[in-house]
Amino acid sequence: MARVLEIVLNLPEPTVDAWFNENGRLPERIDTAIVQVLGAQPDFEPMRRDDAPFTLCCFDCRHTLAAAGWRITIEASEAVRRVIASHLASYAPGVTIRDTACHVLLAPGEPMSVAFEDVPAALAQRLADAGELATVATLACRRLQWRRVTHGVAVDVVLNIARGVRPDADPAATLRELHLTTLYPEDTGDNGATGDDALRALFAMANELTTALPAFPVLADAIDREGRVDIERNSAPTRAKPIDFSGVRTPHDAFVAIERNIAEQWFGNDAAVRDAPGIEFIHQMRVAQRRLKTVTKIFPAWTDGAWTARIAPRLKWLSDLLGDARDWDVFTDSTLPALARADVDAASWAATRDAANKRRLAARERVQQALRSSTYGQLALAWLEWLSGLVMHGAPDTVRGRSLHSYAKKRVVKHYKRVVREPKLTALDDAARHRVRIHAKRLRYTLEFFEPIASHKTRRAVTKTLSRMQGVLGDGNDAAVALAFLEQLDVEPYQLGFARGWCEASKRHTAKEGEDLLSVLPKPEIIS
């Protein structure tokens, strides 16, 4: 089987339209403009000059093949019909290992089953178990291909342009993707290329293309995103899921598993935030960033020079934008209405709510523009490249040989002590109480990360109490943020004075609640 490493870059239609319009390109000529940009890249050699349209049909039965990583398609044009069966597995988030099991030309009228007469045993068994195959997606496609060889590594760049993926999809919508592939390191032949060389060449190409075009990395290509009905669609935000610790034995294994989990939440929400930033999508993407920040606190030995130089500053940039948008959402939809209800004249706050709504829409617009920028694309790629390096090179030398149990226990105890060292929350100022809330949140995330090896009491009582603490202290922090926002809105003196009294009462009440919860917080335990 031919084996390649693959990165997929999505060119989202709304962003592409806006980008080319800003650069003086007509929407109806966007595909031509993309081809021109790609053809102008240094040292690009055209490999597929014929971009004749073809139909691509994807087949499965009860999704048993897709669930096992197998993909079966027929590409049919006026000239040929070909069956392609391939197996896809994740090397690292954003990097796929794709094995082509068969690529067979069919004669006119020849059934698809002919292509499966000489396939690997694993696929043959899956096909036997699947029964009759059914069409799960149909695409009307065009395809062009280029190649560039850098330092002995050949990278193929394929532009796929597709329409009409699903019956319930917008038939006018266009899906555009760039598939970047290079031979898997074991198949690089005699040129001396290594796994590092292959990954470096792939990511270098991806970075160049995200600079030249509005292209962004994705964890799954269009067939997975649009053609499968057994995965979540973008109609609902992607929330944090339990960590899969299958086969996890070391701190490094745990770290990689957690990072994969965060990648699913991050990239499960970024497309929706980029296209039409809604409240919950922004919130969940921000949660992913906060979970990622917590991971760096739990696993500090893994944050190397590349992280510090290429990733950390951009993560802060993104986190600040998401945080500002989230704060304005909470202020507009929760804190400000509560303030109005507490006043004898609730209607007098309508103008303030209108002003706040304008600010929150502006904050969302800033997030949307950020996610449409090459800076965001390069941040996402830098993080994915860093993760792929971790998969390839393993644990840092300083932590090799450490057991997962001892490592997790030490980190949990450290974060627990930070939460309980200030028991009198009512005696703290706003900033100090906010730090306690941050420590509680980090401990909760830490326990969620290590949930498979935590005690039953920890999974229930401790995380529940921490969640309540985080909530009540968050309400107090929202009150403090509200005062700063009201000052920005330049409200009338009466409203500002009323808000100061109300917010002070809220902060005192939530501090007492948090203090009571802290007094009964059980000590977490790591058991296996």
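Q: What are the ground rules for the numbers here?
A: This is a predicted model, so local features need pLDDT of at least 70 and side-chain atom pairs count only at pLDDT 80 or more, while totals for chains, interfaces and linings use all residues. Residues are numbered from 1 along each chain as its sequence is written, and side-chain values use heavy atoms, with hydrogens and water left out.

Q: How confident is the predictor in the protein, going by pLDDT?
A: On pLDDT (the predictor's confidence in each residue, from 0 to 100), the protein averages 92, and 94% of the residues score at least 70. Confidence is lowest in helix α6 (residues 222-227), with a mean of 77, and highest in strand β10 (residues 216-218), at 98. Over residues 229-233 pLDDT stays under 50. For that stretch the model has 13 contacts beyond four places in sequence, a contact being heavy atoms within 4.5 Å.

Q: What makes the protein as compact as a globular protein of its length?
A: The secondary structure comes to 16 helices and 10 strands, where helices (H or I, at least four residues) and strands (E, at least two) are DSSP runs numbered from the N terminus. The radius of gyration is 26 Å, close to the 24 Å that the rule gives for 528 residues, so the protein is as compact as a globular protein of that length. Along its principal axes, the C-alpha trace spans about 80 × 55 × 45 Å.

Q: Why is the Asp 99 and Arg 3 pair called a salt bridge?
A: The label needs a side-chain nitrogen of Lys or Arg within 4 Å of a carboxyl oxygen of Asp or Glu. For Asp 99 and Arg 3 the closest N and O atoms are 2.7 Å apart, and the pair does form a salt bridge. Asp 99 lies in strand β6 (residues 95-106) and Arg 3 in strand β1 (residues 2-10), so the pair ties together parts that are 96 residues apart in sequence. By this rule the count comes to 26 salt bridges.

Q: What makes Glu 6 and Arg 98 a salt bridge?
A: Their side chains meet at 3.1 Å, N to O. The pair links distant parts of the chain, with Glu 6 in strand β1 and Arg 98 in strand β6, 92 residues apart. Glu 6 is buried at 3%, and Arg 98 is partly exposed at 22%.

Q: How do you know that Asp 329 and Arg 360 are buried?
A: Asp 329 has 2% relative accessibility and Arg 360 has 9%, so each counts as buried. Their side chains meet in a salt bridge at 2.9 Å, N to O. Leaving aside neighbours within four places in sequence, Asp 329 is in contact with Ile 279, Ser 334, Arg 360 and Arg 364.

Definitions and conventions:
Buried means under 20% relative accessible area, exposed over 50%, partly exposed in between (1.4 Å probe, protein chains only). The radius of gyration is taken over C-alpha atoms; the globule rule is 2.2 Å times the number of residues to the power 0.38.
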